[in-house]
Amino acid sequence: MNIAIIAARGGSSRIKKKNIKPFRGKPIIYYSIKAAINSKCFDRIIVSTDDKKIAQIAKNYGAEVPFLRTKKLAKNSVGNREVIVDVLKRLNLKKIPDYVCQIFATAPFLRPTDLKNSLKILKSNKSAEFCFSVVKFPHPIQRAMKITKNGRVKMFQPKFRKWHSQNLIATYHDAGQFYWGKTNSIIKNKITFSQISLPYILPRFRTIDIDEPEDWKQAILMSKSLFD
């Protein structure tokens, strides 16, 4: 048994009602629900929300909302792991699911094949406990800089100043689309960003972490080349 959990609280400080904001004519959460349904990986697709409007929209597109999230778990400081464990407890299932996949509510470029293929990767590696989406940094982080208090630049690692990009190790970051995990590993609160996790590498042209209004504008521009 596999369960998808989409966390979508009502509050959003930087983009108002981000999880149901219209994206190409549909609430953005629609794309996550649609990808989950079309992947055929899941026995149940649950949306965890504290917002009645989000709950109704999620139900309209085929997800379950068996209960509303408590106010305590709807705070900005609450982590996704806490939300997932809360859903598992409140579902009161007779049998613990084999795998749980947390899918981001703002992942309009997520494809069903990503979910299917990443689950296959996780299942095929017995020593792994998680598999999640990652994307390569567009520029070597070893040559990253910061702006100082007096408005100047300073490298974090000056020793790499003269290194060519091709000689530096490729680095990756969380793509903000999904996390697969063995249910027991999630309940035991094992660390995802560790040796027990497998990466599922996505291309940069269809990954974006939507947090700021500028990210939203960029996602719209990206969608024109991906959907039109």
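## Basis

A residue is buried when its relative accessible area is under 20%, exposed when over 50%, and partly exposed in between (1.4 Å probe, protein chains only). This is a predicted model, in which local features need pLDDT of at least 70 and side-chain atom pairs count only at pLDDT 80 or more, while totals for chains, interfaces and linings use all residues. Residues are numbered from 1 along each chain as its sequence is written, and side-chain values use heavy atoms, with hydrogens and water left out.

## Ser39

Ser39 belongs to helix H1, residues 29–39 (helices are DSSP runs of H or I, at least four residues; strands are runs of E, at least two; both are numbered from the N terminus). With a relative accessible area of 3%, Ser39 is buried. Its side chain reaches the backbone oxygen of Ala36 at 2.7 Å.

Neighbours within four places in sequence aside, Ser39 contacts Pro112, Leu115 and Lys116 (contact: heavy atoms within 4.5 Å).

## Nonpolar cores

A nonpolar core is a set of buried Ala, Val, Leu, Ile, Met, Phe, Trp, Tyr and Cys residues joined through side-chain atoms within 4.5 Å. The largest has 40 residues, and those touching the most other members are Ile29, Phe42, Val47, Ile103, Leu115 and Trp180. Apart from this core lies another of 12 residues, including Ile5, Ile46, Ile84 and Val87.

Residues up to four places away in sequence not counted, Ile29 touches Ile6, Ala8, Asn19, Ile20, Val47, Ile54, Ile57 and Ala105.

## Met145

Met145 lies in strand S7, residues 145–147. Met145 counts as exposed because its relative accessibility is 54%.

Notes:
A polar contact is a pair of N or O atoms within 3.5 Å; within protein, one must be able to donate a hydrogen and the other to accept it, and residues adjacent in sequence count only if both atoms are side-chain atoms.
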